[in-house]
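Let's take a walk through this model together. Have the sequence and the coordinates open, and follow along from one landmark to the next.

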Amino acid sequence: MDTVLKNIALIDGTGRTPIEEAILAIRDGIVLYAGPASGWSDISEVITLDLSGQFVLPGLIDAHVHLAGSGEVDSQFRAEDGDMALKILSNAQKNLAAGITTVRDLGGWNELEFAVREWIKRGEFAGPRMCLAGRFISITEAGADYYEGMYRAADGVDEVRKAVREQVKHGADLIKIGVTGAVLVENGVPGATHFNEDEIRALVDEAKKFDRRVAAHAHGADGIRKALQAGVHTVEHGTYLYQDPSAIQWMAEHEIFLVPTLKVGWDIIQANDANIPEWILEKNKATQGEAELSLKMAYEAGVAIAMGSDVGTPLNVHGENGLEIYWMGQAGMSPMDAIVAATGNAARALGWEAWMGTLQAGKVADLIVLDSNPLDDLRLLADKQHLQFVMKDGQIAACHAGSDLPSELFAEHLLLIK
Ligand SMILES: [Zn+2]
C-alpha cells in the first residue's frame with residue numbers, strides 16, 4: 001500500500017523554491033515522487049492524505065547533540081549506567097517527537113548510546129536515526145574528569161590511534177576530537193590548541209582507514225587551522241574562525257562544514273538563571289558575539305553550514321533543537337539556507353546524503369508536516385503547536401493525541417507530540 005500526501009506546500013531540503021500544490025508519494029518507506037501535482041499520475045492501492053494548507057519538509061537533522069545531557073545547569077550529565085541508558089533513550093525520543101528524525105551525537109556516556117541505537121534499530125523503541133561518535137577523544141585535561149563518561153583521554157600518536165580503534169570497535173559512526181579547549185569546562189580555554197599536529201593527523205588518518213568521518217571540536221583559530229590541514233570533515237563551534245579568513249576560504253573550497261551551535265549560548269545568556277554557575281554565564285557572554293560573527297563570515301564566503309544545537313548542554317533541552325535554525329537566521333543566513341542547513345546540508349555533513357536528508361525520489365521518507373510556513377518565522381520549527389505529525393521511514397512516528405490520521409500509517413511505537 002502506497003501513501004500519497006496531496007495539496008501540500010513542499011520545502012524539499014535542497015534549497016529550491018517551495019512547490020505549491022505538490023504531491024509526495026511514498027512506497028515502502030521511500031519517496032517515490034515529490035513535486036508538482038501536474039507531474040504525478042494516480043496509482044491504485046493508495047492511502048491519500050489531503051493536507052491542504054500544510055507545509056511538508058524533510059525530517060530535521062541535528063548534527064550536534066548530546067543525548068546523555070538533559071540541560072543540567074552545571075552541565076553535569078552524570079547518572080548510573082541503568083539510569084543513563086534510559087535517559088539517553090528518553091532524550092532520543094524527545095527529538096523524534098519534535099521532528100528531529102536524525103541526530104548526530106558528538107559525545108555520549110560510557111558508550112551506552114550504542115545500545116540505545118541498537119534497540120531503536122531493532123524496533124524495540126521509537127527513536128530517531130542515530131549517527132554516533134561514542135566518546136569525545138581529548139588530551140589529558142580537566143574536561144576528561146568533569147565529563148568522565150563522555151571523554152576518552154589520549155596523549156601521543158599511538159594512544160590517539162588506539163582511541164580511534166576502540167571507538168570504531170564499539171560502534172562509532174564517526175570520530176569526535178577535541179582539538180581546542182572548551183567553553184563548558186571550568187578552566188578550559190576555548191582558544192587554546194590541545195592536540196599537537198601529529199596527533200590530529202594520526203587521528204584523522206586512523207579514522208580514514210575505517211571510513212569514518214571526523215568532527216573537530218574547535219574554537220581557537222590555531223586549532224581550527226591544524227584540524228583543517230589534517231583533513232577533518234566538520235568544525236564544531238568554530239567560535240574564533242573569523243580571525244582567519246584563509247581558513248574560511250579553505251573550508252569553502254574543500255566543503256568542510258561549519259556547525260556553529262549558537263542556541264546554547266543564547267539560552268544561557270537570555271535565561272538569566274541564578275542556578276547557572278558564574279563561569280558558564282561569563283564564558284558564554286564572552287564568546288557569543290564572536291561565534292555569530294564567524295558564522296556570518298563563513299556563510300558569506302560560501303562555507304557549507306550544518307545545523308547543530310548542542311542540545312543536552314545547560315538549559316538546552318531536547319525537543320527545542322529547531323530554535324538553532326532560528327538563531328542561524330538571526331546571524332544572517334536566509335531562512336531557506338538555514339532550513340537546508342538542518343536537512344540537505346546536514347545529511348551531507350554526516351555523509352548520508354545519498355539516501356536521506358531531502359524529499360526527493362529514492363530517499364527515505366522522513367518528514368514533518370507544519371500548519372504554517374516556517375520561511376515566514378523559523379521559530380515554527382521548534383513549536384509543537386504548529387507541528388502536525390512526524391514520519392520516519394514513511395510511517396507516522398509522532399502525532400497529537402486525538403489526531404484523525406489513518407492508523408494504518410502509524411509506526412509500531414507511536415510518540416505523542418506534546
Ligand atoms: Zn557539544
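## A guided walk

Let's begin at Gln167, which lies in helix 4; helices here are DSSP runs of H or I with at least four residues, strands are E runs of at least two, and both are numbered from the N terminus. Before going on, please keep in mind that this is a predicted model, in which local features need pLDDT of at least 70, side-chain atom pairs count only at pLDDT 80 or more, and totals for chains, interfaces and linings use all residues. Residues are numbered from 1 along each chain as its sequence is written, and side-chain values use heavy atoms, with hydrogens and water left out.

Gln167 is buried, with a relative accessible area of 0%; buried means under 20% relative accessible area, exposed over 50%, and partly exposed in between, using a 1.4 Å probe and protein chains only. Its side chain is joined to that of Glu111 by a polar contact of 3.2 Å (a pair of N or O atoms within 3.5 Å; within protein, one must be able to donate a hydrogen and the other to accept it, and residues adjacent in sequence count only if both atoms are side-chain atoms). Beyond its neighbours within four places in sequence, Gln167 is in contact with residues including Phe114, Arg135, Ile137 and Ile175, where contact means heavy atoms within 4.5 Å.

Now widen the view to helix 4 itself. Val160, Ala163, Val164 and Val168 are buried there along with Gln167. Seen down the helix axis, these buried residues fall within an arc of 130°, so they line one face of helix 4; the arc is that of the directions from the axis to the C-beta atoms. Asp158 and Lys169 are exposed on the face turned away from the buried side. The buried residues pack against helix 2 (112-121), strand 8 (136-138), strand 9 (151-153), strand 10 (174-178) and helix 5 (197-209). After helix 4 comes Gly171, with a positive phi near 125°.

Asp211 follows helix 5 and has a positive phi, near 60°.

Leu203 also leads us to the largest nonpolar core, of 101 residues, where Ile175, Leu203, Val235, Leu258, Ile305 and Leu381 touch the most other members. Such a core is a set of buried Ala, Val, Leu, Ile, Met, Phe, Trp, Tyr and Cys residues joined through side-chain atoms within 4.5 Å. A second, separate core of 23 residues includes Ala22, Leu359, Val369 and Leu409.

Our last stop is the zinc ion. Its protein donors are His64 (NE2), His66 (NE2) and Asp310 (OD), lying 2.0 to 2.2 Å from it; donors are N, O and S atoms within 2.8 Å of the metal (3.2 Å for Na, K and Ca), and water is not among the atoms, so sites may look incomplete. His66 sits in the loop between strand 5 (60-65) and helix 1 (81-97), while Asp310 is in the loop between helix 9 (278-300) and helix 10 (323-330), so this pair, 244 residues apart, links distant parts of the chain. Both His66 and Asp310 are buried.

Ser75 is found in the loop between strand 5 and helix 1 as well. Ser75 is buried, with a relative accessible area of 0%, and its side chain makes a polar contact with the side chain of Tyr147 (2.7 Å).
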